[in-house]
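Please brief me on this model, topic by topic.

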Amino acid sequence: MQVTVEYAAQIKRAAGVARDVIELDGPCQLAEIARAVAIIHGDSFAEILLDENRQPRPSILVFMGEEQVRWDDTNLEVEDGQTITLLSPVSGG
Amino acid sequence: MALLTDHEKAVYEWQMWVPGFGEAGQQALKDASVLVSRIGGLGSVVAYELAAAGIGRLVLAHAGDIKPSDLNRQLLMTHDRIGTPRVDSATSRLKELNPRLEILAVPENVSDKNAARLVGEVDLVVDCAPLFPERFAMNRQCVEQGKPLVDCAMYDCEFQITTILPGQTPCLACLYPEDPPAWRREFPVFGAVSGSVACLGAMEAIKVLSGLGEPLCGTLLTCDLRDMTFQRRQLLIRDDCPVCGTSHEACST
């Protein structure tokens, strides 16, 4: 199946692209999507997105379509054709 | 409460023509007090727009002196005041625009030590701060004191903004349960980006204080000015949030 993953702010800069379309074997949980894109984009990207246990950092906001979802919601499965957006936190200045 | 003077009615005539705002909205702004923290690229423009709109009182919190690298975006700072306190330059510029404005200039950044006092001074807070610990301190006090918090943020050519109404919407700690380890105080940004989100932040403050329109209640507006993509995203209340807890009502503002 195909899933589109979009990036915003620091994590977009680390990815070097605004979005990826990734191929997966079948419906999966959000953390698996995070680990899949971390493999594509390397260490500096992975450090922003994943903690030392390769789990998604809770400060990275994740959306399915326009709705925020929680990384630890184990009832959620990402399905073919969905768009996931990852927003890294930003501030004023 | 001091009623609007004839001079104020003349100054604010154009915005009092806005349906749903009128003289009652203008009076609400005159009676209101807002904390802007800090008065950098974001906060300068928030404060300037609120001063122009006739807010009664501003509390400006920002430590330190003006540096050359402030001048691409901190529009209340001027070249001839480099090396002098930011709050002094800001007070002077704002008073030029609106001499009726009452200003409490605080040469400190918001922290756990002063957040209760500073938030206690005002009706609404606009968060324009660069570091998460000071944003979390403001958020905790806004939740505790039941004060609205307009949260503005930016990076590169992008910005994000949401309005937090304690008890009705997610709070900042619902969004970010930890201090994001990758975030740094200095980052790439244009003044036109900070100014864009600052104008939206000022408008959110005006709306919440006057009852005009619909604030970004539980909604995160994101924008990438590189390609002018604007998106509204719905935010989740975190039931186990250690700051705002479990009791929330539907947004009614």
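Predicted model: local features only at pLDDT ≥ 70, side-chain atom pairs only at ≥ 80, totals over all residues.

Residues are numbered from 1 along each chain as its sequence is written, while chains are lettered from A and ligands numbered from 1 in the order in which they are written.

**Chain B overall**
- Chain B has 9 helices and 8 strands; helices (H or I, at least four residues) and strands (E, at least two) are DSSP runs, numbered from the N terminus.
- Along the principal axes, the C-alpha atoms of chain B fill a box of roughly 50 × 40 × 40 Å.
- Buried residues make up 47% of the 253 residues in chain B. A residue is buried if 20 or more other C-beta atoms lie within 10 Å of its own, exposed if 12 or fewer, and partly exposed in between, with C-beta atoms placed from the backbone.
- Of the contacts in chain B with a separation of 6 or more, 69% join residues 24 or more positions apart. Two residues are in contact if their C-beta atoms, placed from the backbone, lie within 7 Å.

**Helix α4 of chain B**
- α4(B) covers residues 41-53. Its 13 residues should span 18 Å at 1.5 Å a residue, and its end C-alpha atoms are 19 Å apart, which agrees. The expected span is 1.5 Å times one less than the number of residues.
- 12 of the 13 residues are buried, so α4(B) is largely enclosed by the rest of the structure. Among them are G41(B), Y48(B), E49(B) and A53(B).
- G54(B) follows α4(B) and has a positive phi, near 95 degrees.

**Strands around β4 of chain B**
- In β4(B) (residues 124-127), L124(B) and V126(B) point one way and V125(B) and D127(B) the other way; all are buried.
- β1(B) (residues 33-37) runs parallel to β4(B), joined by 4 bridges. Strands pair if DSSP finds at least two bridges between them. S37(B) has D127(B) as its bridge partner.
- β5(B) (residues 149-155) also runs parallel to β4(B), with 3 bridges. V126(B) is partnered with V150(B).
- From β4(B) the chain crosses through helix α7(B) (residues 132-145) to β5(B) in a right-handed β-α-β crossover. Right-handed means that, with the strands pointing away from the viewer, the path from the first strand over the helix to the second runs clockwise.

**Contact between the chains**
- Chain A gives 21 residues to the contact and chain B gives 35.
- On the chain A side, α1 (10-15), α3 (43-49), β3 (61-64) and β4 (67-69) each supply at least two residues.

**Two single residues**
- I66(B) lies in the loop between β2 (57-61) and α5 (86-97) of chain B. It counts as buried, with 22 C-beta neighbours inside 10 Å. Its C-alpha atom is 6.2 Å from that of P85(B), 19 residues apart along the chain.
- Q2(A) sits in strand β1 (residues 2-8) of chain A. It counts as exposed, with 10 C-beta neighbours inside 10 Å. The C-alpha atoms of Q2(A) and G81(A) are separated by 5.6 Å, though 79 residues apart along the chain.
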